[in-house]
Amino acid sequence: MGNKSSLLLRPEEIAQIQEETGFVPGCNLYICITPNQIERLYSRFTSLDRGDCGTLSRDDFLRIPELAINPLCERIVHAFFEESTEDRVNFRQFMNVLAHFRPINNKKENKLNSLAFKMYDLDDDGVISRDELLSILHMMVGANISQDQLISIAERTILEADLCCQGKISFEDFCKALERTDVEQKMSIRFLN
């Protein structure tokens, strides 16, 4: 599973990917992705692989036009490398991270919440501070909102979400706040047409 001379995955590799990611056909709890669709994703993955080594670097990800224009591009790319011990990810690692962005089910909700939380927890200390929230807001809206408005939004968000009155948002606080929103709609990415 790696070089461009082998553009097709073996059926057992596809089955393993479906099992690991929850992309299992015929089950109501999971999103169905056919072997053909996994092959299409693999083909796109290999086309991004400039080094022809079966893995992608951060720079390879940044060449994806749809991702490059996303204001949270750096944080999304970081998610793909978070569990990797190297500066590259293979197709199986790619699919496992991509699975976090599919519509959720009960088993997957906590993983999606965790991924969303990590997008905001810039220093990986287990809490979202006011400054981290401000940084993310800057990434998302740029100069379209004044600094005072951004500070107001960040402070109000922390006031509403911080159940332990620490001035920061813990993972538990974050999950409770997400229960009041439609996370599936906001965090899912349509990656197959």
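Predicted model: local features only at pLDDT ≥ 70, side-chain atom pairs only at ≥ 80, totals over all residues.
Let's begin with helix α1 (residues 11-21) and helix α2 (residues 35-48), whose axes come within 10 Å and cross at roughly 95°. Angles of 65 to 115 degrees count as roughly perpendicular, and α1 and α2 are therefore roughly perpendicular to each other. On the α1 side, the contact is made by Ile14, Ile17 and Gln18, while α2 brings Pro35, Ile38 and Glu39. Sorted by class, this contact has 4 nonpolar, 1 polar and 1 charged residues.

Next comes helix α5 (residues 73-81), where 7 of the 9 residues are buried, so the helix is largely enclosed by the rest of the structure. Among the buried residues are Cys73, Arg75 and Phe80.

Now for the aromatic rings: the whole structure holds 11 aromatic pairs. One of them joins Phe45 and Phe91 edge-to-face, with 5.3 Å centre to centre and 70° between the planes. Because Phe45 sits in helix α2 and Phe91 in helix α6 (residues 91-98), the pair ties together parts that are 46 residues apart in sequence. Phe45 is buried, with a relative accessible area of 3%, and Phe91 is buried too, at 1%. Phe80 and Phe94 form a stacked pair, 5.5 Å centre to centre with 20° between the planes. This pair links helix α5 to helix α6, so it ties together parts 14 residues apart in sequence.

Finally, an unreviewed UniProt entry annotates residues 116-143 and 149-184 as "domain: EF-hand". In the model, residues 116-143 are 61% helix and 7% strand, and the end C-alpha atoms of this span lie 23 Å apart.

How values were computed
Residues numbered from 1 in each chain as written. Heavy atoms only, no water. UniProt positions renumbered as here; feature names shortened; annotations may be inferred. Helix = DSSP H or I, 4+ residues; strand = E, 2+ residues; numbered from the N terminus. Axes fitted to C-alpha atoms, helices over the stretch in contact; angles between N-to-C directions. Parallel < 35°, antiparallel > 145°, perpendicular 65-115°, else oblique. Contact = heavy atoms within 4.5 Å. Nonpolar A, V, L, I, M, F, W, Y, C, P; charged D, E, K, R; others polar. Buried < 20%, exposed > 50% of the residue type's maximum accessible area, 1.4 Å probe, protein only. Phe/Tyr/Trp six-rings, centres within 6.5 Å; stacked < 30°, edge-to-face > 60°.
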